[in-house]
Amino acid sequence: MTAALAVARALGVDPLVAAECLPEIEAALQPGDLCLVTADHGNDPTWGGTEHTREQVPVLAFGPGVSPGSLGRRETFADIGATLAQHLGVARLDAGTGWH
């Protein structure tokens, strides 16, 4: 099992989807690539409706040279954009803190 697949399963990603998609994506990555997988919202499984009830979402970051480990609880969804800007070497964004 790849590290990305193990983390995806730990985050509660559907095991069939993770097993089918992540190894193929991981195999296509080149040195210097960074793959971020997340959701745009979270839902409380105990809530009866379909409203977006949680602001916290899982984030899976992987690629060649990316060390496994927890990103911890991020303060804002903007951290993803800040991380991508940092990774790509573009100007720092006004919001968010990169972790890469």
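Q: Before we get to packing, what counts as a contact here?
A: Contact means heavy atoms within 4.5 Å. Keep in mind that this is a predicted model.

Q: Fine. What do the buried residues of H3 pack against?
A: They pack against S1 and strand S2 (59-62).

Q: Which residues of helix H3 are buried?
A: Helix H3 covers residues 78-88, and its buried residues are Asp79, Ile80, Ala82, Thr83 and Ala85.

Q: And what follows H3?
A: Gly89 does, with a positive phi near 75°.

Q: Let's zoom out. How many helices and strands does the protein chain have?
A: There are 3 helices and 2 strands.

Q: In what order do the elements run?
A: Starting at the N terminus, the order is α-α-β-β-α.

Q: New topic: Pro31. Where does it lie?
A: Pro31 sits in the loop that links helix H2 (15-28) to strand S1 (35-38).

Q: Is Pro31 buried or exposed, and why?
A: Pro31 counts as exposed because its relative accessibility is 72%, and the cut-off for exposed is over 50%.

Q: How far apart are Pro31 and Gly63 in sequence and in space?
A: They are 32 residues apart in sequence, and the C-alpha to C-alpha distance is 7.8 Å.

Q: What about contacts across the whole chain?
A: Take the contacts with a separation of 6 or more: 41% of them join residues 24 or more positions apart.

Q: What share of the protein chain is buried?
A: Buried residues are 18% of the 100 residues.

Q: And the accessible surface?
A: The protein chain has about 7,000 Å². Carbon and sulfur atoms hold 56% of that surface.

How values were computed. Residues numbered from 1 in each chain as written. Predicted model: local features only at pLDDT ≥ 70, side-chain atom pairs only at ≥ 80, totals over all residues. Heavy atoms only, no water. Helix = DSSP H or I, 4+ residues; strand = E, 2+ residues; numbered from the N terminus. Buried < 20%, exposed > 50% of the residue type's maximum accessible area, 1.4 Å probe, protein only. Areas by Shrake-Rupley, 256 points an atom, 1.4 Å probe, with all protein chains shown as cover.
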